[in-house]
Amino acid sequence: MSILRTSLAIPEVLAVVALPPMLMSVIAKTKAWFGGQTGPPWLQPYWDLLKLCRKGAVYSETTTWIFRAGPTVSLAALLTAATMIPVLSGGTILGFNGDVILVAYLFALGRMFMVLAAMDTGSSFEGMGASREVTFGTMSEPALFLSFVVMAIATGRLELGEMVGPRLFSAWPSIGPAMLLVVGAWMIVLLTETCRIPVDDPATHLELTMIHEVMALDHSGPDLAFITYGAALKFTLLGALLLHAAIPHPAWLGIANAPLRLLELGLLASVVGVLESSMARLRLNRVPLFLAGATVLAGLAAVLVLARSHA
Amino acid sequence: MNPILLPIAMLAAGAVWATLSGAWPRASLAGALTAVAGSGLACVRIGLLPLTGNSTDGSGISLSWPLPLGSAHLQCDGLSGWFMIVIGVVSLSVALYSWGYMRREIARGSVSVFGALLCLLTATLVVVVCAADVVLFLVGWEAMTLCAFFLIGFHDRDPEARRGAWMYIVATHLGTALCLLPMFALLVRCAGTTDFTTFRSALASAAERDHVLLFLLGLIGFGAKAGFMPMHVWLPAAHPVAPTPASALLSGVVIKTGIYGLLRLLTWFPPLPASCGVLVLILGVVGGVFGVLYALAQHDLKRLLAYHSVENIGIIVVGIGIGMLAQQSGHLSVATLGYAGALLHVLNHALFKALLFLSAGAVIFSTGCGRIDRLGGLARRAPVNACLFLVGAVAICGLPPLNGFVSEWLIYGSLFNSAFSATGAAAAGPVVAVVSLALMGGLALACFAKVFAVVFLGDPRDPALWVRPIPGSMTAGMVLLAVPCVVIGLLPGSFVKLVIPGIRQIVPPIVDGSAGVAEGMLTAAGTLSWLAAAFALFLVVLTLGRRRLTRTAAPSPRSRTWGCGYAYPTPRMQYTASSFAWSLIASFRSLLWPDRHHQPPRGAFPQGSQLATHTFDLAEHDIFAPLLRGAARLCAMIKTLTWTGQAADAKQNGTADPQAGKRPIALIVHHVLNALRRGSIHIYLGFIVLTLITLFVIEAAFSPGVHSAVDPRPIHRAGSEGEDR
């Protein structure tokens, strides 16, 4: 039985590992379409990764082993989180009671090491990016946890794989409004954590205004490949969580469950592409308000759920 | 000999040796530190006995006791045992570290005093944690306060050190005198004995109002020692000025005795009303969030760590608060989870905070500078210390796979679970606590990213700072703390089991099998090991893959950091700690009220420009400072017998004889008052004797029937115990 389950899981694991660059490609294509361009080929992100892996790396004389370890530790933390996050079918590999907290803290571990690697260069530009990264990361944390609280109270579970899917589907009719607020909050968290417009502009070429990109300024070669892939993976994981909360799949979907989710992920990526094409980046001192908005949304959702459980 | 006496005897011997052999400072220090290290090992062994279930009753001992009340009853149960481990591990590593750290003080003398004080402090810690009698506990408590006072003020030529030491002793003594003494007096009066073991049954019959009163007194009294938020003001003043081994012991263990006192108090009460639990939860949340916010705003390495102690005490208190709330509502498994998180965090915080203090002390030892913005680039010049600080930083941020995560995870678990079980408004408390814990986690990450990055990474900011090597014994002491940080993080299951006997003192075991999700989480703690293994696997695979890729690629030259087109960056251009933290500080400015002095560059050829930021502690500057100024004014008014508090003599200098033309009675009164306020000691003593005689006369005149009272003993004890101290 377990062998059968494992063998069924293998294609999904492979799909999840291979998917992230494709989602980046979807975003890029959407943006290109809005700009009236053809855009890069669909497989370009994969070629970019391959190219980076073949290249050597140039290291600054200022840096230490922290600079080299940063991308590796960060990606390892994200991969570990991926084993507990339901991406396509709703199942997880290593999920356990209480893994919600571990997932959030693994993201934080990844952030810590990326920030340290950036600061290791001694560049004031990277310092600026690192400072912004920790600021916005800190401010998105309450919204993230409030959303987890809402889902945990709705389903009575602390395991991500159990908090979504059929259990959430049956709870949705009674807590729909709260979940809509959670989805709103989560969208803001997704855009912040993955450094997309309106928080950060991945296409900008002015270092003073960057967040994610400026932190990777000095990285090159395989390290940069790890960072690029890690960012895409983070987008995939958070996007999948968002979709699981927004559109819980019932159990009767059966075999169509995973492909449908794949489609939704593609749609989410294009929605992000549309957002990036249609709005400008916020001024940096406006971003905390944007994140406070997410916290307020999630807090409202928590109040709704608590009131519901009281009634 | 009873095992508890072993460390105390060793430490007493060490203290005596250190005092007597002051002429040979080396031998004196070595002897004292050996005693501390040996007693540390003994403490761990004694602590493990009740935790592993080997012996629970045989470890108590009563000695002969010269005082008329109380008894020398020492007992090591599950709760004491846990704190004994904390004391043992920290004092062992501090002893190792001190050997390297204090050697350069040998030439300046008085290291023997340091050694003796360290011995005495450790011994009194053992007494406080193991005492099973009110009088013994209070004697140990006071002796501990005094030892810590002398250790904080060890560099007493530094006015800051004197100020820190005095702030410490005033803060903790206010707590002890105003709250702990009345509380214990009431307890003794209620139980009729001074024995800890009788309090539980005595309190079971008391009214709930009395429980709340006693608990509040204990909360304030122990909270002043532990550094709860409004009473934390002594921590940032005392920790930075103490010699580093003392700071580590203070922050790792001494403030934990406040937590121990609170938990010991909880073992005596039946479940307290929910309002108490809510109050504790609020204290925890406020302390945690403000502690870390103030930490973020600090510019001094050790001061920053002191504020992080306030934060971590807040996290521990959140765990205790949720445990109390769940216990009151009957969810014993959730309560167990909360207390387990709190107790584990006591050990974890002792480990990583002591490690961070020792590591910060090593930075100051090797560079002579503790200002974060002057340091930089130490990772290349002191790589081992950088690694150790990084371990501590990752652990204190609660990041997996180290120990800080495990205890925070347990506390999160109890908060989530009580949000399930409570309904409506009662669930709001846990939800708010979850959010603030998440915020604390994020802010702590920002703070330690700042410290580690600015102190250890990048280029040295000040070329004048010379880095001298760190002695091996200092490194050994730090490694001794870093290893358990990693081990607890990788094997949390076995350590969670060790916490349970301590919790059983507070929460009765669950008998009806309603373990539920919360108990499931205690067992799931073992699962964290698997996740840590998965993380390690990914790490190894990625590292090997990366090494393969970089090897096959063409070797690339090293170059300068990309300056975005600017070719001549200097180390002074690096991002500073203040700038790094400013965006967060500015976002929370309505809570912190930071001061910012900015003189921007002006004109086409700007001359000077500067920027300075300071964040003052609101509790210190806006609560305690006005309060104490008022008290000082009151004292001055009493001393000088004037409304202004200005001495009358000062104004009369140079004028004609003021008594001329006064009537004789006024003259006598004036002379008496003058004699009083000049403050010669025999007049004060005479005044005291006179007052006492007057009081006795009044008592004899108005209460002749006092001898026929039914049983005055408990009252007598309660009353005289206060004076005894």
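These questions and answers go through a predicted model of chain A.

Q: What makes up the secondary structure of chain A?
A: Chain A has 11 helices and 0 strands. Read along the sequence, the pattern is α-α-α-α-α-α-α-α-α-α-α.

Q: Why is chain A called as compact as a globular protein of that length?
A: The radius of gyration of chain A is 19 Å, and the globule rule gives 19 Å for 311 residues. The value is close to the rule, so chain A counts as compact in that sense. Along the principal axes, the C-alpha atoms fill a box of roughly 60 × 45 × 45 Å.

Q: How many of the residues of chain A count as buried?
A: Buried means under 20% relative accessible area. Of the 311 residues of chain A, 61% count as buried.

Q: Why is the pair Arg157(A) and Glu162(A) called a salt bridge?
A: A salt bridge needs a side-chain nitrogen of Lys or Arg within 4 Å of a carboxyl oxygen of Asp or Glu. The closest N and O atoms of Arg157(A) and Glu162(A) are 3.5 Å apart, and the pair forms a salt bridge.

Q: What makes Lys234(A) and Glu193(A) a salt bridge?
A: The closest N and O atoms of Lys234(A) and Glu193(A) are 3.1 Å apart, and the cut-off is within 4 Å. The pair links distant parts of the chain: Lys234(A) is in helix H9 (residues 221-246) and Glu193(A) is in helix H7, 41 residues apart. Both Lys234(A) and Glu193(A) are buried.

Q: Where in chain A are the two residues of the salt bridge between Arg111(A) and Glu193(A)?
A: The side chains of Arg111(A) and Glu193(A) meet at 3.7 Å, N to O. Arg111(A) is in helix H4 (residues 99-119) and Glu193(A) in helix H7 (residues 166-193), 82 residues apart. Arg111(A) is buried, and Glu193(A) is buried too.

Q: Which residues are linked in a network of salt bridges?
A: Arg111(A), Glu141(A), Glu193(A) and Lys234(A) are linked in a network. Over all chains, the count comes to 14 salt bridges.

Terms used. Residues numbered from 1 in each chain as written. Chains lettered and ligands numbered in written order. Predicted model: local features only at pLDDT ≥ 70, side-chain atom pairs only at ≥ 80, totals over all residues. Heavy atoms only, no water. Helix = DSSP H or I, 4+ residues; strand = E, 2+ residues; numbered from the N terminus. Rg over C-alpha atoms; globule rule 2.2 N^0.38 Å. Buried < 20%, exposed > 50% of the residue type's maximum accessible area, 1.4 Å probe, protein only.
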